[in-house]
Amino acid sequence: MQAAIGGLFSWAVLGLPAFLFVITLVVFFHELGHFLIARWCGVAVEVFSIGFGREIVGFNDRKGTRWRISVLPLGGYVKFAGDADAASRPDAESLSKMDARARKDALHFKPLYQRALVAAAGPFANFILATFIFAGLALALGKLAAPPIIDKVVPNLAAQRAGLQTGDIIRSVDGRSIEDFADLVKTIEGKLDQPVHMVVTRSGRDLSLDMVPTAKQVTEDNGAKRTVGQIGISPASVSVGLVEAFQIGIESTWIIFRETLTYLAKIATGQESPGQLHGILGIGALSEQQARIGFAAVMRLAGLMSVSIGLINLLPVPVLDGGHLLYYGCEAILRRPLGERAQEVGFRLGLAFVLGLILLATFNDLVRFNLF
């Protein structure tokens, strides 16, 4: 009982604020992308909402847009003139009654390229946000030295017992050249309770040291726990300039984009299980884990979430931004919009797909936390 109360308290103090911060940041920039490009194209924006459902607080700007925070902080939307709902479905009845002045400001009467730009702007705003987050972290924290340089040695663990010291440069493990700290971690984690031969450079001289990694339990991003080898060192960082920081930001964003897209493609082709998909509970647990580590870890999670949400919204599924782009692509080929009935069926199928994905992710969370 005390453990459960302690866990609930920890979630309320750390997990919930971190979760709300990450979701709000990512959703705000996504919707801001839609909003800014829409305004640039002369589209009237009726509502800019963070969250769904009943409005908690809001205000109207000079151009009549209602900026609001709503009771369910699990997403957001921008509603344009002529939209039927938050998914930006065209309201045929409303559009048919518009006069020439109102049509000029309605998204659905804008040129095709402008509508496509508005749809794509949200996901690309997420990619830009992630790039700035990762670049900012690189500027603030630097990057890990490569090859890895030891910054600290943990007392009474394998590294200290073997004689490793601060400033040592790790060159190889069991004859395998070590390029960076991630490479070292991957190698050591698989050597639990196995003798390891390491070559390091100290004061210009190469030294050979032997050690046996000891057990450490780690929690994966999906909540699973496993036992790996550790030797007890932390890496040194080197500072970077502005240009290199943005190079790191772009590279980090691209790596996450590529790996996420590859995983989704493997799910679609049956090569991977969808068990890694996270729902609200899973994201909340990750938020708490990162909050325990520190603000930089929370920001890394925000960067990861921003790329993931941007990519998922580009999927060619009606009700998502990619679905709108799919419709616009069909319109460009057919030289006319898809029929109202075809669009309605597409939106219903898309909604069913999204709801199914949410249910699957929620089921994964329940299994992951032994609640099902």
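1. Directly after helix 4, Gly142 adopts a positive phi of about 80°; helices here are DSSP runs of H or I with at least four residues, strands are runs of E with at least two, and both are numbered from the N terminus. Please keep in mind that this is a predicted model, in which local features need pLDDT of at least 70 and side-chain atom pairs count only at pLDDT 80 or more, while totals for chains, interfaces and linings use all residues. Residues are numbered from 1 along each chain as its sequence is written, and side-chain values use heavy atoms, with hydrogens and water left out.

2. Helix 4 itself covers residues 112-141, and its 30 residues reach 44 Å from the first C-alpha to the last, close to the expected 44 Å (1.5 Å times one less than the number of residues).

3. Helix 8 (residues 280-293) packs against helix 9 (residues 295-313) at an angle of about 145°, the axes being 7 Å apart; axes are lines fitted to C-alpha atoms, for helices over the stretch in contact, and angles run from 0 to 180 degrees between N-to-C directions. Helix 8 contributes Ile283, Leu286, Ser287, Gln290, Ala291 and Ile293 to the contact, and helix 9 contributes Ala297, Val298, Leu301 and Met305, where contact means heavy atoms within 4.5 Å.

4. The aromatic pairs number 13, a pair being rings of Phe, Tyr or Trp (its six-membered ring) with centres within 6.5 Å, called stacked if the planes are under 30 degrees apart, edge-to-face if over 60 and tilted otherwise. Phe21 and Phe295 make a tilted pair, because their ring centres are 6.0 Å apart and their planes stand at 50°. This pair joins helix 1 (residues 2-40), which holds Phe21, to helix 9, which holds Phe295, across 274 residues. Phe21 is partly exposed at 34% relative accessibility, whereas Phe295 is exposed at 58% (buried is under 20% relative accessible area, exposed over 50%, partly exposed in between, with a 1.4 Å probe and protein chains only).

5. Phe35 and Trp67 form an edge-to-face pair, 4.9 Å centre to centre with 65° between the planes. Phe35 belongs to helix 1 and Trp67 to strand 2 (residues 66-80), so the pair ties together parts 32 residues apart in sequence. Phe35 is buried at 5% relative accessible area, and Trp67 is buried at 17%.
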